[in-house]
Amino acid sequence: MADCSGGRDSRAIDSRGEPPSKKYKTTKDSVFDKYWDDSNAVERLKKIAELLTTRDYCFCLLKILKCNADKGNAFSQAYCETSTNSKETSAGARSIDAYRFSTVFKHGYSMVMNYTNDRNNVPERRGDRIALERLLNVLINLKDIEEALKNAQSAKEVDWTITLAHHLLRNLAVNQTYVVDNHYAGRSCICFCCKQTITGSFGDTSIGCTAVWHGYLDLILGSEVPVKAAEDDDEVVCEGNKSSSEFPAKHRDQLIAQTIVFSFLQKKEKSTYENYLIPSIGIAKKQVVLFLYDSEHDILLESKLIKLWSPGGHIITSAVLAVWLAINFSFTCSGVTEHMKNCGFTADFPKQVGKELKVYEKCLRFGCGPGSEVKEMFEPEVYDIFNLH
Ligand SMILES: [Zn+2]
């Protein structure tokens with residue numbers, strides 16, 4: 001029920017207070033209530049969320065047939081040949097077991113559906129609530145975001161990455177901090193399109209271990225989600241119904257390598273996740289792809305390519321919803337399903353890397369790049385007696 005006393009700013013749900021012990025009540029100023037003022041918008045959101053149950057938004061399981069994950073290859077050198085679990089039907093046609101977004105991100109999907117069914121169905125858990133608040137705010141401001149991303153369509157990769165982070169990705173994230181790879185040439189703390197100072201920073205985005213797959217991520221959102229921004233030249237252009245079924249090969253291999261390394265790393269570093277199906281996002285100027293890996297169950301998922309723009313030149317809202325689910329996976333993702341566990345189609349990553357699996361389980365870290373290593377070599381206490389001038 002709406003609290004009509006007013007006066008409470010919607011940002012109050014962002015405060016660092018105790019989580020509420022009783023059902024959260026919206027206020028007339030909260031975005032949850034405001035969004036319901038336009039019943040058309042609510043109906044639209046509901047219909048868009050329902051697309052997450054369709055073939056347009058699904059994942060396939062991948063098996064690794066060959067890769068170079070057992071050697072000290074940088075992500076840019078990563079090689080990974082995969083197959084999907086396609087079967088031949090009795091009629092001789094090909095069929096692939098696929099998993100809906102609404103199945104993989106059951107929590108996030110329910111959050112949106114519950115809210116669009118009843119304005120009082122605001123999530124009780126603070127993190128969930130902030131996640132939903134972020135989504136609604138982005139949808140309210142989608143026109144401005146669309147303009148910003150349109151303006152950056154001709155920008156070079158670093159400017160595209162920053163515009164994307166500044167106008168879309170961070171606004172969708174519960175944790176809005178982000179770090180951009182400081183190896184980008186011509187980097188600037190000013191957003192290309194609006195000349196605003198960005199709230200993220202440039203830094204060391206390296207992950208992994210130099211004995212195995214390792215390298216620099218383009219962007220890390222909230223120290224939880226790696227993002228790869230694809231280059232213009234290699235981009236697949238989707239025209240009408242014609243589109244590639246895969247992200248460009250060079251980026252796809254890198255993305256798989258990043259996804260697996262990041263997932264093992266998060267498993268080692270974070271003990272608080274409900275599950276360890278961890279996503280990576282690949283995003284080009286016209287399309288998005290998601291990969292997820294769970295190192296506990298050796299399950300690797302690849303999404304269908306998701307188009308970002310409608311033929312009329314507008315951002316596709318369901319694509320925004322898909323990216324929101326991935327970015328906030330710790331609140332939205334429900335982990336590998338029983339069907340995935342029992343279908344007998346694992347990624348076979350342990351088989352591919354053999355004894356190097358131990359390195360993936362125990363030795364991965366943030367800051368593994370050459371710069372970080374040099375720093376480490378000179379860190380031991382024995383050098384503390386040096387009085388530098
Ligand atoms: Zn801008």
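The legends below describe several close-up views of this predicted model.

**View 1. The protein as a whole, before the close-ups.** In this predicted model, the secondary structure comes to 14 helices and 16 strands. Buried residues make up 41% of the 389 residues in the protein.

**View 2. The nonpolar core around Ala322.** The largest nonpolar core of the protein has 107 residues, and those with the most contacts inside it are Ala322 and Val323. Helix H9, which covers residues 317–327, gives the most to this core, with nine residues. Residues up to four places away in sequence being left out, Ala322 touches Tyr57, Phe101, Val288 and Ile306. As general background, nonpolar side chains tend to be buried together in soluble globular proteins.

**View 3. Helix H5 and the elements that cover it.** Helix H5 has 15 residues and reaches 21 Å from its first C-alpha to its last, which is close to the 21 Å expected at 1.5 Å a residue. The buried residues of H5 are Asp128, Arg129, Ala131, Leu132, Glu133, Arg134, Leu135, Leu136 and Val138. What covers these buried residues includes helix H1 (31–36), helix H4 (106–117), H6, H7, H9 and helix H10 (329–332).

**View 4. Val138 within helix H5.** Val138 lies in helix H5, which runs over residues 126–140. With 21 other C-beta atoms within 10 Å, Val138 is buried, because a residue counts as buried when 20 or more such atoms lie within that distance. Not counting residues up to four places away in sequence, Val138 touches Ile145, Asn171, Leu172 and Val320. Although Val138 and Asn171 are 33 residues apart along the chain, their C-alpha atoms are separated by 6.6 Å.

**View 5. The packing of helix H6 against helix H7.** Helix H6 (residues 142–151) and helix H7 (residues 157–172) pack at an angle of about 175°, and their axes are 10 Å apart. The two helices, H6 and H7, are therefore roughly antiparallel to each other, since angles over 145 degrees count as such. On the side of H6 the contact is made by Ile145, Ala148 and Leu149, while H7 contributes Thr163, Leu164, His167 and Leu168. Sorted by class, the contact of H6 with H7 has five nonpolar residues, two polar residues and no charged residues.

**View 6. Two aspartates with positive phi.** Asp298 is found in the loop between strand S13 (287–294) and strand S14 (299–303), and has a positive phi of about 55° although it is not a glycine. Asp298 is partly exposed, with 18 other C-beta atoms within 10 Å. Asp348 is placed in the loop between helix H11 (338–342) and helix H12 (349–353), and its phi is near 65°, again a positive value in a residue other than glycine. Asp348 counts as partly exposed, with 16 C-beta neighbours inside 10 Å. For background, most residues other than glycine have a negative phi.

**View 7. Ile190 in the loop between two strands.** Ile190 has its place in the loop between strand S6 (178–181) and strand S7 (201–203), where Ile190 is partly exposed, with 13 other C-beta atoms within 10 Å. Leaving aside neighbours within four places in sequence, Ile190 is in contact with Lys195 and Thr197. Ile190 and Asp159, which are 31 residues apart in sequence, are 9.2 Å apart in space, C-alpha to C-alpha.

Note on methods. Residues numbered from 1 in each chain as written. Predicted model: local features only at pLDDT ≥ 70, side-chain atom pairs only at ≥ 80, totals over all residues. Axes fitted to C-alpha atoms, helices over the stretch in contact; angles between N-to-C directions. Helix = DSSP H or I, 4+ residues; strand = E, 2+ residues; numbered from the N terminus. Parallel < 35°, antiparallel > 145°, perpendicular 65-115°, else oblique. Contact = placed C-beta atoms within 7 Å. Nonpolar A, V, L, I, M, F, W, Y, C, P; charged D, E, K, R; others polar. Core = buried A, V, L, I, M, F, W, Y, C linked by C-beta atoms within 7 Å. Buried ≥ 20, exposed ≤ 12 C-beta atoms within 10 Å, placed from the backbone. Expected span 1.5 Å × (residues − 1).
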